[in-house]
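I opened my notebook to look up a few things in a structure. Here is what I was looking at.

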Number of protein chains: 2
Amino acid sequence: MKQLKIKCWIEADGEKYYGPGPHELLKQIQKEGSLSKAAEKMHMSYKKAWAMVQRLNQFSEEALVILKKGGQHGGGAEVSPYALEIMKEYDTLQLKVKQLIDQEGKLLKFLK
Amino acid sequence: MKQLKIKCWIEADGEKYYGPGPHELLKQIQKEGSLSKAAEKMHMSYKKAWAMVQRLNQFSEEALVILKKGGQHGGGAEVSPYALEIMKEYDTLQLKVKQLIDQEGKLLKFLK
DNA sequence: AACCGATATGTTTACAAATACATAACGCTT
DNA sequence: AAGCGTTATGTATTTGTAAACATATCGGTT
């Protein structure tokens, strides 16, 4: 079974910072309200998830993730309204990419 | 400076075997007529290039690279006519992919 | 038969990335 | 002030990948 695959991401200063991984992380943060729980759900170490959030915030015009420590529930994480816009843009981009591979995949003889 | 990037490849049985790397390797083999020279040009170890060729041949209907050892010039490598077809298909696919990112990149607000 | 330049293959070493472990810091609640 | 759950950060360990090194193999030429 052969398959055509495509992946797209955003680079800032030659360094990739927004792609499938960070996109999924943002969705988990939105769902869990916690960076540590989001990392666990993705089977990713907390350190890696934390570093990912730093890059996301650093290279964006506005912060994508707001982290809070201490407080009632010990702290937490949430995605900013700006992040929601970006996530939506990335989703629609992925949709168009998927349409392309579905269309072009049929034309490739070496997929057989 | 932010940039939208995209990459496409072919997987066989969930394992990626044809992508930018192998594609470039085939072009170098075609130019050099030698696997070791092609690997050197790509700053890649001979072992890695050799393993890449094995995967390419294994997952393809017909062999993509013909390796010959011994003989007048010690041996050599060449791409098959079938490989030329695949390389051409991949080139046109990349072109269409590039057109997509050029088109969609303008619509993304978070590229600014 | 000896030589040559390329492929073929195994072993070792080096490096990078991810994880695991440990601990501190924070702020609300009680 | 003590406890809690989370973020924040440093260090050590593991893991996986790539390169480096060594050697064997092949087949034509001389």
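My entries on a hairpin and on the surroundings of a DNA strand follow.

**Ground rules.** I am working with a predicted model, in which local features need pLDDT of at least 70 and side-chain atom pairs count only at pLDDT 80 or more, while totals for chains, interfaces and linings use all residues. Residues are numbered from 1 along each chain as its sequence is written, chains are lettered from A and ligands numbered from 1 in the order in which they are written, and side-chain values use heavy atoms, with hydrogens and water left out.

I looked up strand S1 (residues 2-12) of chain B and found three bridges to the antiparallel strand S2 (residues 15-18) of chain B. Strands are DSSP runs of E, at least two residues, and helices are runs of H or I, at least four, numbered from the N terminus; two strands pair if DSSP finds at least two bridges between them. Two residues separate S1(B) and S2(B) in this hairpin, and Asp13(B) in the turn has a positive phi of about 55°. I also saw Ala12(B) opposite Glu15(B) in S2(B).

Which residues come nearest to DNA strand C? Of the 24 around DNA strand C, they are Leu35(B), Lys37(B), Tyr46(B), Lys47(B) and Trp50(B) (near means a heavy atom within 4 Å). Sugar and phosphate make up 69% of the atoms of DNA strand C that come within 4 Å of the protein.

I looked for pairs of N or O atoms within 3.5 Å. A side-chain N or O atom of Ser36(B) is 2.8 Å from a phosphate oxygen of DNA strand C. A polar backbone atom of Gly74(B) lies 3.2 Å from a base nitrogen of DNA strand C.

Terms used:
Polar contact = N/O pair within 3.5 Å; in protein donor to acceptor, adjacent residues only side chain to side chain.
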